[in-house]
Amino acid sequence: REELVPELSNELVLLITLVVSVLLFLSNFSLSGKVGEVINQVTFGLFGVLAYLIPFFLFFGIAFYLANREDNKRYIIKLIASIGLFTVIAAVIQLVFGDTTNVELLQYYKNCAETKSGGGLLGGFLCWILIPLFSKVGSYVVLIALAVLCIMILTGKALFALLAEISGKEMEKQKELHKIRAEEREVYREEQRLQREEQLIQ
């Protein structure tokens, strides 16, 4: 019975998370009543267009935590990196699609809540800090560097090692594809040869 308690507790937490995630998802499309309208305003105000991803981020984040709660320190580091990457993406969306010219911080929240676009207060906060310091172009450079750092933490691999692994896999894939095509050509030539021999015999 004692062994079953943690399992039941995990399932209960996961069930509650699933219900909350579904309600968040429905609120994104104004399908959960007056409460959903309030949630809709808050999520789009905070996260902009990324509000559509919040239900999935919440559910899979909690599920990942429950599955890896024994390795708590590692989970926390990856969670922080995930949130960091999410914030960077929100900032990039705000830079590309939103207004960043002389915008007050809270105005990001109001604009994104009304238009259901941009990067919300989360992305706007980064833009609000970076643009005065580095200009818009420089902000892209800083955000790309932060995104790379977060990806390195999440994958546990250095950038060049990750690129080398990806390119290595692609080369192996191309070699295998080339080998298969060479075998297919050999089979085709053999079939043609046999057909010619049969025609000569007839």
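Start by selecting Ala51, which sits in the loop between H2 and H3. Helices here are DSSP runs of H or I with at least four residues, strands are runs of E with at least two, and both are numbered from the N terminus. Ala51 is buried, at 1% relative accessibility. Buried means under 20% relative accessible area, exposed means over 50%, and partly exposed lies in between (1.4 Å probe, protein chains only).

Before you move on, note that this is a predicted model: local features need pLDDT of at least 70, side-chain atom pairs count only at pLDDT 80 or more, and totals for chains, interfaces and linings use all residues. Residues are numbered from 1 along each chain as its sequence is written, and side-chain values use heavy atoms, with hydrogens and water left out.

**Two long jumps**

Now pick Ser27, in helix H1. Is Ser27 buried or exposed? Ser27 counts as buried, with 0% relative accessibility.

**A nonpolar patch**

Stay on helix H1, which covers residues 4-28, and select Phe25. Phe25 is partly exposed, at 34% relative accessibility. Together with Phe25 they make a nonpolar surface patch of about 750 Å². Patches are built from residues with over 30% relative accessible area and no salt bridge; nonpolar side chains (Val, Leu, Ile, Met, Phe, Trp, Tyr) are joined within 5 Å, and like charges within 9 Å. The areas come from the Shrake-Rupley method with a 1.4 Å probe, and for residues only the protein chains shown count as cover.

**The largest pocket**

The pocket holds about 300 Å³ of space.

How is a pocket found? On a 1 Å grid over the protein atoms alone, a pocket is an open set of points with protein on both sides within 12 Å along at least five of seven lines, while a cavity is a set where a 1.4 Å probe fits but cannot get out; lining residues have an atom within 4 Å of a point. Points are joined across faces, edges and corners, and the volume is the space filled by probe spheres set on them.

Which helix gives the most to the lining? H3 does, with 7 residues.

**Two positive phi angles**

Go to Ser30, in the loop between H1 and helix H2 (33-47). Its phi is near 55°, a positive value in a residue other than glycine. Most residues other than glycine have a negative phi. Ser30 is partly exposed, at 48% relative accessibility.

Jump to Lys116, in the loop between helix H5 (105-115) and helix H6 (120-155). Lys116 also has a positive phi, near 55°. Lys116 is partly exposed, with a relative accessible area of 30%.

**Cysteines**

How many disulfides does the structure have? A search of the whole structure finds 0. A disulfide is a pair of cysteine sulfur atoms within 2.5 Å. Select Cys112: the nearest cysteine sulfur is that of Cys127, 9.6 Å away. Cys112 is buried, at 3% relative accessibility. For Cys150, the nearest cysteine sulfur is again that of Cys127, 15 Å away. Cys150 is buried too, with a relative accessible area of 11%.

**Last stop: a salt bridge**

The structure holds 1 salt bridge. Select Arg189 and Glu186, whose side chains meet at 2.8 Å, N to O. A salt bridge is a side-chain nitrogen of Lys or Arg within 4 Å of a carboxyl oxygen of Asp or Glu. The two residues are 3 apart in helix H7 (residues 159-201), so about one helical turn separates them. Arg189 is partly exposed at 47%, and Glu186 is partly exposed at 44%.
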